[in-house]
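Let's take a walk through this one, starting with the whole chain and then zooming in on its aromatic rings. Have the viewer open as you read.

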Amino acid sequence: MLAELARMYVSYNFTPRADLLVIDDTLANLRLLVNLLRENGYKVRAVSNGYEALETIQKSPPDLILLDILMPDLSGYQVCQILKEDIITRDIPIIFLSALSDGLDKVKAFSVGGSDYITKPFQVEEVLARVKNQLTIQWHKKQLELEILEREQAQEALRLQYQREQALNRVIRAIRNSLEISTVFSTAVTEIGQLLQADWVAIVQYLSQSNSWQPVVEYSPNSDLAKLINNKLSNSSCLLTERLQLLQTFCVKDPETVIDPFNQDLIEQYSRIWLPIPVYSDGDAWGSLSIVRHYSIPWSETDVELAVVVTDQLAIAIEQSQLYQQLHQVNQELENLANLDGLTQVANRRRFDQVLEQEWLRLRREKLPLSLILADIDYFKLYNDTYGHLAGDDCLKQVARALHQTLKRPADLVARYGGEEFAVILPNTSLTGAIQVAETIRDSVYNLQLCHETSPGQGVITLSLGVSSLIPLEAEAPQILIKKADQALYQAKNKGKNIVCYF
Ligand SMILES: [Mg+2]
């Protein structure tokens, strides 16, 4: 509101130093008008024919033209038409001058583009009022155009800001929605590449062991540029390397910072086109977001700001991904703890039950055989009594390892079933196949030649093994397989140990 009032105040008190041009072939009229207007504070130029008028206007366009209609060579209408066709002069208001006796055609005066007319003989007040009126209209028109331009510029700025915010949101969303750092990186380089109209964008990681900078992801891949930049960054005397390590953003453009030929070369090649921004992690330089753009578009402050905000988001993503990796590792360890036997590092009883159940259901569907071996170390209590529990533990570990090494297929599972008892699940294996595996296991444990002096048997650690095999049926449970293998094992023990029996 205040602005409106101020504008009105200005409009009614605008300076009368407007630049006017009077064109009339009657010198008496010309003199009269020039004097009148000058006395009222206007700056006035005067010419007496159409051609001269056009020349003067081309050299320096006036704010307002007073134009006689009847003139030799070029009429006022003709001059007016020529001016209205030229983009530079078409907006200059024209007031026609005409004697009533000349037969003024008012319709034509307006149709060729005139803004007003004054009839001769002139009346002082009328001339001044009409001139002032046209100048005021013209002034308002210009103000309006200026406002429209400002509004358009403001809209364009808003549009750009909106675009930037959208792009940033997409990067942030990618970070929230993905724990895959590679997805986050490729989203970030694509978004910023498109938004900043970059020719090349890369996330470059600093590898401290080799003191090198490795592009991790690129937008508009350009391996030559990647190599060149890596080469520049890997030189520790490079300004950029130094600044990035100090976590400073440095637009390559400042020739004053050049001290040696290497950096001189850098400035010459990349001045105003290469924008490297440090990406940090845990307060140290992790790498850089490097953006290269064509010479014709210099970096603006908002470009740099946007790139810095994106790198902040990248830093968050990197930390998030590192945390996720740690979490994943911890989970893996927890899972191992839950599934492995602490002493022998083969599957524990819990895992055995799970796998047996799974395989039972799977092979029941597929109508294929499932085999089980139960193996028990012979005279193990005696071994413990003779050599002590530490030696007993060590014996268990070696037997477990031997079992584990015997199995070739990924689906086969060795588990510690009880104290000195192990179980082997052999999916998709017939009784004959399972007996062969059991024999191999028996051999390999015997071949360990673990001395057992007090053993009534072979003088070394041996295994007795019971094998069972069946195609799982709807009406049965996996316990039947265990029960049968257990009975076979019992038989093996009774028959003198170090043998394989099957049900
Ligand atoms: Mg005339």
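Helices here are DSSP runs of H or I with at least four residues, strands are runs of E with at least two, and both are numbered from the N terminus. Counted that way, the chain has 16 helices and 14 strands. Keep in mind that this is a predicted model, where local features need pLDDT of at least 70 and side-chain atom pairs count only at pLDDT 80 or more, while totals for chains, interfaces and linings use all residues. Residues are numbered from 1 along each chain as its sequence is written, and side-chain values use heavy atoms, leaving out hydrogens and water.

Now the overall picture. Of the 503 residues in the chain, 44% are buried (under 20% relative accessible area; exposed is over 50% and partly exposed is in between, with a 1.4 Å probe and protein chains only). Take contacts (heavy atoms within 4.5 Å) between residues at least 6 apart in sequence: 63% of them join residues at least 24 apart.

On to the rings. Rings of Phe, Tyr and Trp (its six-membered ring) pair if their centres lie within 6.5 Å; planes under 30 degrees apart are stacked, over 60 edge-to-face, and the rest tilted. A search of the whole structure turns up 6 such pairs. One of them is Phe185 with Trp286, a tilted pair at 5.5 Å centre to centre and 55 degrees between the planes. This pair ties together distant parts of the chain, as Phe185 is in helix H7 (residues 181–195) and Trp286 is in strand S9 (residues 284–292), 101 residues apart. Both Phe185 and Trp286 are buried.

Phe352 and Tyr417 make an edge-to-face pair, 5.2 Å centre to centre with 80 degrees between the planes. Here too distant parts of the chain are linked: Phe352 belongs to helix H12 (residues 349–366), and Tyr417 to the loop between strand S11 (413–416) and strand S12 (421–427), 65 residues away. Phe352 counts as buried because its relative accessibility is 0%, and Tyr417 is buried as well because its relative accessible area is 14%. Elsewhere, Phe380, Tyr383 and Tyr387 form one aromatic cluster.
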